Amino acid sequence: ETTRYPLEDIDCVEVTEDTKYDKDLFTTPHKDYDDIEHILIPEGLVKSRVEKLADKIFNDYCGKRDESLKIIVVMNGAFQFYSDLQLYLKKMTEYKSERFFSETSFVKLKGYVNTTQTLDGIDENAIPEELIRGQDLLIVEDIFDSGTLMTNILKHVNKFEPRSVEVAVLLHKMNPKNIKHRFIAKYTGFAVPGKAFVIGYGMDYNERFRDLSHICIINKEGIERYKEE
């Protein structure tokens, strides 16, 4: 019997292994069609969930801090996620009486080679001390998979004593290997199957497929076609 991944404490939308949208029912770039197995999360559902996360972030931080929230975006995968978060946060300031103040820094870290997540550590200069110490931080990441990348980021950040640190993650993979890290992002979009390798909405496979509007599953042919030696 397969042990169920513990989702009880994760405030997110669960996407199961049975969730599969036929790619023929949605618009996808012709050049990528043959490399897509199926669509996991359609663009409209992604954006609606991101808007809800933005609402939570706005309510948690707006008017409750003396200084701007420092947002650290892990590039390149989280760029689209961040862009939509920022768009919805901006819209909220237009119809709410409070103002939301933030400053954004972009950090480029490569988390994958082919389908394997690998990162040994964080360069001291990637996220400098002056960006961290005494600040309220929000780290924006596209996916929590093996847990290695986020664990290293948080270890690096916390040694410089930020005032607070929270994380916004679009996808939390139900990967048994990451349970040991006991990590749950306060702002989580979706929990997705652990074995799935996702592409689209800013996420890539060896720098391809970032421009797909939907979150898709790459097929075996696509993995082999663009595999790095």
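Predicted model: local features only at pLDDT ≥ 70, side-chain atom pairs only at ≥ 80, totals over all residues.
A quick word on the terms: helices (H or I, at least four residues) and strands (E, at least two) are DSSP runs, numbered from the N terminus.

- Six strands make up an open sheet in the order 1-9-8-7-3-4, with parallel pairing; two strands count as paired if DSSP finds at least two bridges between them.
- At the edges you'll find strand 1 (13-14) and strand 4 (102-108), each pairing on one side only.
- Strand 1 teams up with strand 9 (residues 187-193) in the parallel sense, over two bridges.
- Across from E14 you'll see A191 in strand 9.

- Strand 2 (residues 36-41) is mostly covered, as five of its six residues are buried; buried means under 20% relative accessible area, exposed means over 50%, and partly exposed is in between (1.4 Å probe, protein chains only).
- Strand 2 pairs with strand 11 (residues 215-218) in the antiparallel sense over four bridges.
- I39 has C216 as its bridge partner in strand 11.
- Strand 10 pairs with strand 11 too, in the antiparallel sense and over two bridges.
- For V198, the bridge partner in strand 11 is I217.

**Cysteines**

- The disulfide count is zero, where a disulfide is a pair of cysteine sulfur atoms within 2.5 Å.
- C216 is in no disulfide, and the nearest cysteine sulfur, that of C12, is 20 Å away.
- C216 is buried, with a relative accessible area of 0%.
- C62 is buried as well, at a relative accessible area of 10%.

**Around Q135**

- Look for Q135 in the loop between helix 3 (129-132) and strand 7.
- Q135 counts as buried, at 14% relative accessibility.
- Leaving aside residues up to four places away in sequence, Q135 touches E67, K70, P162, R163 and S164; contact here means heavy atoms within 4.5 Å.
- The side chains of Q135 and K70 make a polar contact (2.9 Å). That term means a pair of N or O atoms within 3.5 Å; within protein, one must be able to donate a hydrogen and the other to accept it, and residues adjacent in sequence count only if both atoms are side-chain atoms.

**Salt bridges**

- The count comes to 14 salt bridges, each being a side-chain nitrogen of Lys or Arg within 4 Å of a carboxyl oxygen of Asp or Glu.
- One of them joins the side chains of K31 and D211 (3.5 Å, N to O).
- K31 is in the loop between strand 1 and strand 2 and D211 in the loop between strand 10 and strand 11, so this pair ties together parts that are 180 residues apart in sequence.
- K31 counts as exposed, at 55% relative accessibility.
- Another salt bridge links the side chains of K96 and D55 (3.3 Å, N to O).
- K96 is in the loop between helix 2 (79-95) and strand 4, while D55 is in helix 1 (residues 43-61), so the pair ties together parts that are 41 residues apart in sequence.
- K96 counts as partly exposed, at 22% relative accessibility.
- The side chains of D136 and R163 also meet in a salt bridge (3.8 Å, N to O).
- D136 belongs to strand 7 and R163 to the loop between helix 4 and strand 8, so that pair ties together parts that are 27 residues apart in sequence.
- D136 is buried, with a relative accessible area of 5%, whereas R163 is exposed at 52%.
- Salt bridges that share partners join K31, D32 and D211 into one network.

Conventions. Residues numbered from 1 in each chain as written. Heavy atoms only, no water.
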